[in-house]
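Thanks for coming. I will talk through one structure, starting with the ligand and then moving to a few single residues.

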Amino acid sequence: MGKVYAIINQKGGVGKTTTVFNMAAEMAEQGKKVLTIDMDPQGSLTTSMGQVPSELEYTIGDLFMELIDRKPLPDIKDYILSRGKVEYIPANLALSVADASIQRVIVAREYLLKKIIAPLRSLYDYIIIDCPPTLGSLVVNALTASDALIVPIKANDMDTKGFDSLIDTVEMIKIETNPSLKIEGVLLTMFDERLLEARDVLKTLEGSCEYFSIPIYRAKIGTSTKAARAFRQRKTIAEFDINSKISLSYKEFVREVLADE
Ligand SMILES: Nc1ncnc2c1ncn2[C@@H]1O[C@H](COP(=O)(O)OP(=O)(O)O)[C@@H](O)[C@H]1O
Ligand SMILES: [Mg+2]
């Protein structure tokens, strides 16, 4: 059975999508069969994969709508695209329509994504969900469907309140819908050790993580213009510059994730 990860942080711009995209590619490079699911209506992961989200007809939002309308799950194969060795279910604004419509579901509205993923689990080693920057129903669905969470934190703006409310949400999910959910680790992104504020953030984070028994990955992702340039060219960082420091950091991070098994 495949393991389901959600890459989550309710703040935008912390490197979630970059992490999903590069982590999936590196896992596939290591011979793992990987599916990623774009759960952000902005479709940034879908864009990274080389698509124009608004032009897509078969998206995760459409799958949600089928379930919301109490129709049987359609043939999921139509919804799975591939880029190189990585497969993915794309998203576009149809997902925000679905998000608004989830309220219509009277019973078990937290379990829609879990139902979509259920038949896919046995087909992949890893399923990685890219979360939107909220803690709303889409994220509750992602948390309910996942085995483990990875939280990217941007090193120069650790906001402890944000981290605490994420942990509160996870605790609530563990009680209500997914008792075995765990935060597998925190990944520092856009981290520059030379900056005093980055070192301060690390110290604060180490304190909180120790308190909640959450590991911080040894690999830390530095700030690099190569991340944004690779994104603009729809390339993974390894495709853009395989020997760059940031490419090696993502490799190291994936090695740690795979070693956790
Ligand atoms: N390590 C990094 N160094 C510099 N820029 C980065 C890095 N990681 C991501 N970025 C850039 O920061 C922006 C936000 O990243 P993204 O992965 O989209 O965050 P999120 O999904 O959390 O909103 C993007 O423009 C991306 O290219
Ligand atoms: Mg994103």
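**The ligand and its surroundings**

The largest pocket is the space taken by ligand 1. A pocket here is an open set of points on a 1 Å grid over the protein atoms alone, with protein on both sides within 12 Å along at least five of seven lines. A molecule sits in a pocket if more than half of its atoms lie within 2 Å of its grid points.

Before going on, the conventions: this is a predicted model, where local features need pLDDT of at least 70, side-chain atom pairs count only at pLDDT 80 or more, and totals for chains, interfaces and linings use all residues. Residues are numbered from 1 along each chain as its sequence is written, chains are lettered from A and ligands numbered from 1 in the order in which they are written, and side-chain values use heavy atoms, with hydrogens and water left out.

In total, 15 residues surround ligand 1, and the closest are Gly13, Thr17, Thr18, Gly222 and Ser224. To count, a residue needs a heavy atom within 4 Å of the ligand. By class, the shell has 6 nonpolar, 8 polar and 1 charged residues.

Now some individual distances. A polar side-chain atom of lysine 16 is 2.9 Å from an oxygen atom of ligand 1, and one of threonine 18 is 2.5 Å from an oxygen atom of the ligand. At serine 224, a backbone N or O atom lies 2.9 Å from a nitrogen atom of ligand 1. Taken alone, ligand 1 exposes 560 Å², and the protein buries 78% of that; these areas come from the Shrake-Rupley method with a 1.4 Å probe.

Glutamate 184 belongs to strand β7 (residues 182-189). Is glutamate 184 buried or exposed? Glutamate 184 is buried, because its relative accessible area is 4%; buried means under 20%, exposed over 50%, and partly exposed in between (1.4 Å probe, protein chains only). Its side chain is joined to that of lysine 3 by a polar contact of 2.9 Å, a polar contact being a pair of N or O atoms within 3.5 Å, where within protein one must be able to donate a hydrogen and the other to accept it.

Proline 72 lies in the loop between α3 (60-68) and β3 (81-83), and counts as exposed at 67% relative accessibility.

Glutamine 51 is in the loop between α2 (44-48) and α3. It is partly exposed, at 24%.

How values were computed. Helix = DSSP H or I, 4+ residues; strand = E, 2+ residues; numbered from the N terminus. 1 Å grid on protein atoms, 1.4 Å probe; cavity = no way out; pocket = protein on both sides within 12 Å on 5 of 7 lines; lining within 4 Å. Nonpolar A, V, L, I, M, F, W, Y, C, P; charged D, E, K, R; others polar.
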